[in-house]
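Subject: Structure handover

Hello,

Here is the structure for your files.

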Amino acid sequence: MKKVVILGSTGSIGKSALEVIRKFPEKFKVLGLAAKSSVNILEEQIKEFNPQYVAVFDKKACDELRKKIKNLEILKGNEGICQLAKLKEADIILSAIVGAAGLIPTFEAVKEGKTIGVANKESFVMAGELIKKQGKISGAKIIPVDSEHSAVFQCINGCNKPYIKKIWLTASGGPFRGKKSYEIENVTPQEALNHPKWKMGKRITIDSATLMNKGFEVIEAHYLFDMPAENIGVLIHPQSIIHCLVEFIDGTYLAQMSNPDMKAPIALALSFPERLPEIVPPIDWSITTKLQFEIPDTEVFPCLKLAYEALNAGGSMPAVLNAADEVAVEAFLSGRLKFKEIYKIIKKVMDAHKIVSVSSIEEVLEADSWARKMAKKEIGE
């Protein structure tokens, strides 16, 4: 039986992971749960799964939960979450905290040499090189949880790398696929959050609408699979059935396919190298009769270009990209920015940044902090 720690248990990935665990109680035991502040959801999870360890990032929320749960030590703040990330008895750490907040706990798990299911792509965007180096030292095992990276992981497992020519990551195109630039100038947050295929948190849903999320996935793929930027492509695939294509030097391809449901890559990460039965419904080929592919229009969705630029620039620039995007997306969601201004703010922050090489997490966090301050200044806060 595998002992599982879920960092970010009250988010969409965490909830889906617990669905998988609920279905296979003979295979998994919830050892630890960590959340930011959703006390009511976390309380219900504790009552059902009876973890030995719990951590809450927000101090007020932690105090509130301590009043409700008396027979369990509840750890507080980032320090508490990092303690869960390093638990020696854990067989796998599922890193599902959203945004830059997931970097330190993920890095701590890597330093401990844990097996880590990574759904927090921002960790690799911000500090991919450092995570790779530390993982080689500690022997940490990284299993990707993002559907596209899980698909690549499955397709290239056992392949000789010199035979791989290119990795293609697919994207649904989001709610504004096929739109002209002027048509999405003044879209509302509600319209941008109306994703046609996936149910996700607000930030990742907006990033999917701008295609920045796919840009982040390009950066993550570069570090996970040691592929140069020019060998990682993006295809718009509105049916979201094919999650990646791996192109080989002989002109042939491998694809990974399933109905769009995050429980599939989550279950694989938790059970690897096993596969669990009946996780998602099989594809109904009597209904799925057409699979479309398009090259993304980066004039309409220029955030994708920014991600490639940040990856090619290297050093501190990817961390700056992520931080500026977090600030700009939050400003859009709260009505302080227009949709198309998300790109403009990120571009201004990147243009103002003097790239430095990063050799420590502290230097990554310095770049992150600088970019947040600059983005807020550009927004007028």
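The notes below start with the residue and then turn to the cavities. Please keep in mind that this is a predicted model.

**S172**

S172 sits in the loop that runs between strand 8 (164-171) and helix 8 (189-192). Its relative accessibility is 9%, so S172 counts as buried, the cut-off for that class being under 20%.

The side chain of S172 has a polar atom 3.0 Å from the backbone nitrogen of G174. There is also a polar contact, at 3.3 Å, between the side chains of S172 and H195. Leaving out residues up to four places away in sequence, S172 touches R177, H195, P196, K197, I236, H237, P238 and S240.

**Cavities**

Two cavities of 30 Å³ or more are present in the structure.

S172 is one of the residues lining the second largest cavity, along with E148, T170, A171, W198, H237, S240, I242 and H243. Strand 8 and strand 10 (242-248) are the elements that each give two or more residues to this lining. The second largest cavity holds about 50 Å³ of space, and its lining comprises three nonpolar, five polar and one charged residues. H237 and S240, which belong to this lining, are also among the residues that S172 touches.

The largest cavity holds about 70 Å³. Its lining is made up of I184, T210, V300, F301, P302, C303, F339, K340, I342 and Y343. By class, that is eight nonpolar, one polar and one charged residues.

Regards

Conventions:
Residues numbered from 1 in each chain as written. Predicted model: local features only at pLDDT ≥ 70, side-chain atom pairs only at ≥ 80, totals over all residues. Heavy atoms only, no water. Helix = DSSP H or I, 4+ residues; strand = E, 2+ residues; numbered from the N terminus. Buried < 20%, exposed > 50% of the residue type's maximum accessible area, 1.4 Å probe, protein only. Polar contact = N/O pair within 3.5 Å; in protein donor to acceptor, adjacent residues only side chain to side chain. Contact = heavy atoms within 4.5 Å. 1 Å grid on protein atoms, 1.4 Å probe; cavity = no way out; pocket = protein on both sides within 12 Å on 5 of 7 lines; lining within 4 Å. Points joined across faces, edges and corners; volume = space filled by probe spheres on them. Nonpolar A, V, L, I, M, F, W, Y, C, P; charged D, E, K, R; others polar.
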